[in-house]
Amino acid sequence: MPSVAAKPDLGADRGGWFGPALIVVAAVTVLRLGLLAFNRTDLFVDEAQYWLWGQHLDFGYYSKPPLIGWLIRAVTDLAGSDAPFWVRMPGAVLHGITALALGALAARIAGRSVAVWTAALYVTLPFVALGSVLISTDTVMAPFYALALLFLHRAGQGRGAVDALAAGICAGLAFTAKYAAIYLIPGLALAALVSSAWRVGWRNVVIAALAFGAVIAPNVIWNLNNGLTTVSHTMDNVGWVRTGAALNFSSMAEFFGSQFAVFGPVTMAALLIGYASWRDPAKRGLAMLSLPPLVAVTLEALLDRAYANWAVAAYFAGTVLAAMVLRGAWRWIALAVNVVIALAIPVLTVLAPWPERDGAPLLKRWLGQGDLSRSILALAKQTGVPVYADNRAILADLYYTGRDAGIVVYAPAPRGRAESYYEQMWPLPEHYTGELLVVSDHAPDCGAGPVAPVGVLDASGTWAGKGYQAYRVEARCVRAED
């Protein structure tokens, strides 16, 4: 079993870890990219939206900071293709880089063996496997968060200004990927209180803070010039800020239980044991770097609700800590469990729509978007009118699948603050008085009873049974319903 009393082999050679770790990480990454080439799922709503951001480069976007849009644009331009493979391809590579960065951190803290195991465990974690088949802001944040930890540890031991500068830049890039990178700040403060290895010195704190501020400044200015759009959406996600808090113990229990699926059951158990390892200053420091996001999101789940991935920032330092706690056979057990999950996820995307459960594809949430969009676009070409939809997921895929179709797509005109990127960027113009192809789950009533649909839509996968149809109506009818 994992042991609190087990001590890292601090006398071990800290060199010689990179070669074995690179072999493991490269093998896993190449396998993932190979399976990704045969992935049969559609881009998820968020992935399609991130791709769309990349077509309209800016220093900020409606719901997230800009780095993921920039990255997808760079990769697809270099590849000369907007195919799902290229949109998703950075995921496996970025997680591979993260694994090696965490291995370097582990080598400094605990030696060669822990470094190799850290890289191997991280690259096979369940959330890493999922983040390697679906591109997300967590994935883009990961390498920069891990590198910030590495450079902060170097600055703590050597007090070098260059390391502090690099840490600030990496932290800033992590923040421009996802605002959850802000957990680095309380994590470092707590780690410095309990472990001298993380005390970088006040001069280096200033250097890192200035570098961090310089990197995030364009996004901050963009938010200030756009009504704090991204910040407001982030507050919407923290529901109790808008509607008030109410204790929800079942939500908290569900979230905490989900972390054993996100981080792996054995690795999560090892991490919890590591949190109790107060006699070891190295483990204390890592625990303090890992705890803030996990505690904060668990409290959020108690007060309202929280998605399983919201505490991912806990698991960068957490992977090193778990690798230090695990010993002997338990390392192999943790790795074996993770490998099974890590293989199952991409294999299921290749086999989709098989297998089925209760008569529907197991991965139905990631299927059917493209088919629905193509049938909508075909009807739009037949009727010669713009498309109008109020469903964010439908809009996201219409813009992606219809990128070369030449079809105009509108979202609802916002009343007050826009409720989506599509309302912000492509609302139905006030002056438009013509007809629209309205995609809705209920028939519009323009004064003479419900309107009949103009054609049958291909509603499979995630859209099966949800009643979406296309209706040809005048714009005034849509405005009356809104």
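Residues are numbered from 1 along each chain as its sequence is written. Because the model is predicted, local features need pLDDT of at least 70 and side-chain atom pairs count only at pLDDT 80 or more, while totals for chains, interfaces and linings use all residues, and side-chain values use heavy atoms, leaving out hydrogens and water.

Let's start with confidence. The average pLDDT (the predictor's confidence in each residue, from 0 to 100) is 94, and 95% of the residues score at least 70. Residues 1-12 fall below 50, though this stretch has 26 contacts (heavy atoms within 4.5 Å) beyond near neighbours in sequence. Where pLDDT is low, the predicted coordinates should not be read in detail.

Now the backbone. Most residues other than glycine have a negative phi, and most peptide bonds are trans.

| Cis peptide bond | Omega |
|---|---|
| Ala-352 to Pro-353 | near 10 degrees |
| Trp-354 to Pro-355 | about 0 degrees |

Pro-353 sits in the loop between α18 (329-351) and β1 (356-357), and Pro-355 is in the loop between α18 and β1 too. Helices (H or I, at least four residues) and strands (E, at least two) are DSSP runs, numbered from the N terminus. Then there's Leu-228, not a glycine, yet with a positive phi of about 50 degrees. Look for Leu-228 in the loop between α11 (202-225) and α12 (229-237).

Finally, the charges. The structure has 8 salt bridges (a side-chain nitrogen of Lys or Arg within 4 Å of a carboxyl oxygen of Asp or Glu). In one of them, Arg-88 meets Glu-47 at 2.8 Å, N to O. That pair ties together distant parts of the chain, with Arg-88 in helix α4 (residues 84-88) and Glu-47 in helix α2 (residues 45-55), 41 residues apart.
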